[in-house]
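Please consult the sequence and the structure alongside the text.

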Amino acid sequence: MTNDELVQGLVDVLGAERVLTDPDVIASYVTDWTGRYRGTTPAVVRPRDRDDVATALRWCRDHRVAVVPQGGNTGLVGDRFPSRARSCCPCGDSITSTTWTSSRRSSTWVPAPPSAVFGSTCGASASTSPSISPRATPPRSAVSSPRTRAGCTCCGMDRCAQVAGVEAVLTDGSIVRTMRGLVKDNTGYDLPGLLTGSEGTLAVVTEVALRLIPDHPYRVVALLGCADLETALAVARRLRHDVSALEALEGFFADGATLVSDSFGVVVPFDPLPPVLLLAEAAGARDPTDQLTAALNDLGDAVTDSAVAVDPAGRKTLWALRDRHTEAIAGQGIAHKLDVTLPPGRLALFEREVRALVGSFEPPSRCFLFGHVGDGNLHVNVVGPDPDDRRVDRAVLELAASMGGSISAEHGIGTAKRDLLALNRSPEERALFRSIRHAFDPAGILNPNVLIAD
Ligand code: MLT
Ligand code: ZN
């Protein structure tokens, strides 16, 4: 099958308005947010609804066209772009993007926009491949910062209890739907848990039910300075114990805070900056400020600097120092984004060792660290090495694994870590992954380049 035949086939079943082929329009779908990963595709498909998704998937399966589901294209591990590297055939990848919203609402469950889809062709012969995308995708320029939704600062990961139901289209066009919204439902395999975090390899998710957490009327944010990460982690442990209203515990370092401040003019409340900064937020139906400040007073010399904000503008400024790290680092070049969790008690040692490790690499590189220290999760960002040079990636992830950590806390495996999955997963686990994948997608058309190396 040539690219022209592939595009015509999709147009025949979906209509021309659903199939994007203009190279200028497609350009934003085939490069990821970081700029590190690039691919090619003859078309992007933008389905109107789940029936369009089913039609597109069935056609792609019948014609052995691989499909890469794509949502906001904000993944950080090369998981949602079409690549020709390991397509099922030489003609490359296609993209399916699905971001319509459902109008169904209930007090507890919210159908959320699904993630989108990409793909690649199997058994064809020409150049690149097609993609499918949604009705109401925001312009790519509007996406200023990655929000992979693989994890977040308030509720951890998407693959958590917050995702309570999914609707998904399988490659044969059939639809599985588990959206009853029951708090307890132990009736066999946990499909929301299986599909969430599966990197578009099992099905195309078209709707999700999220468990909502009521917002609290009172909030307080504290930015704390510490001499080193070890001390900051001890402070974090005390806060977790003493502040029942604690909602977030984030950590970053003086170099990152300075970069954010210089890049965006965000005011830093301390001069000089302490080496490590801890950001804590507490929230409740009653004002948690007294509880938080009492806990801070008990910390003594462990905290060298502190700033507390209760008003929305002040809280926003303190959060900006943490939240804008990703954008600020992106302004320094294409970062090698590595995302690890360490067991409790090993994070501070990892921080020292990873800095020494990155410092030993040529060319000289900068290493920015920040993350969800309350979860033992550090984002290691290395700027300097060529984007195609994977040596530093491997070295950092091997270090994390050797210390009992995970090579992907929240961002996933994608293509970036596909060849390193064995650092964390046994041959038996990888074989099981393949079996699960095959059960869902016997033709092997869904996002074939990610997760598991053949
Ligand atoms: C974050 O925690 O800000 C996100 O995971 C994005 C990133 O790691 O750059
Ligand atoms: Zn994160």
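## Backbone, helix packing and ligand site

Proline 363 is located in the loop that connects H10 and strand S17 (366–372); helices (H or I, at least four residues) and strands (E, at least two) are DSSP runs, numbered from the N terminus. This is a predicted model, in which local features need pLDDT of at least 70 and side-chain atom pairs count only at pLDDT 80 or more, while totals for chains, interfaces and linings use all residues. Residues are numbered from 1 along each chain as its sequence is written, chains are lettered from A and ligands numbered from 1 in the order in which they are written, and side-chain values use heavy atoms, with hydrogens and water left out.

The peptide bond from glutamate 362 to proline 363 is cis, and its omega is near -5 degrees. Another cis peptide bond links aspartate 271 to proline 272, with omega about 5 degrees. Proline 272 belongs to the loop between helix H6 (254–264) and strand S14 (276–284). Asparagine 73, although not a glycine, has a positive phi of about 55 degrees; its loop runs between strand S3 (65–70) and strand S4 (93–97). Most residues other than glycine have a negative phi, and most peptide bonds are trans.

Helix H5 (residues 229–242) packs against helix H10 (residues 347–359) at about 155 degrees, and their axes are 9 Å apart. Axes are lines fitted to C-alpha atoms, for helices over the stretch in contact, and angles run from 0 to 180 degrees between N-to-C directions. H5 and H10 are therefore roughly antiparallel, a term for angles over 145 degrees. H10 and helix H11 (residues 391–402) cross at roughly 155 degrees, their axes coming within 10 Å; H10 and H11 are therefore roughly antiparallel to each other.

Which residues surround ligand 1? They are Leu76, Arg322, Thr326, Lys337, Phe370, His372, His379, Glu410 and His411, each with a heavy atom within 4 Å of the ligand. This shell divides into two nonpolar, four polar and three charged residues. The table gives polar contacts (pairs of N or O atoms within 3.5 Å) between side chains and the ligand.

| Side chain | Distance to an oxygen atom of ligand 1 |
|---|---|
| Histidine 372 | 3.1 Å |
| Histidine 379 | 3.1 Å |
| Histidine 411 | 2.8 Å |

Taken alone, ligand 1 exposes 270 Å², of which the protein buries 91%; accessible areas come from the Shrake-Rupley method with a 1.4 Å probe.

How values were computed. A polar contact is a pair of N or O atoms within 3.5 Å; within protein, one must be able to donate a hydrogen and the other to accept it, and residues adjacent in sequence count only if both atoms are side-chain atoms. Ala, Val, Leu, Ile, Met, Phe, Trp, Tyr, Cys and Pro count as nonpolar, Asp, Glu, Lys and Arg as charged, and the others, Gly among them, as polar. Angles under 35 degrees count as roughly parallel, over 145 as roughly antiparallel, 65 to 115 as roughly perpendicular and the rest as oblique.
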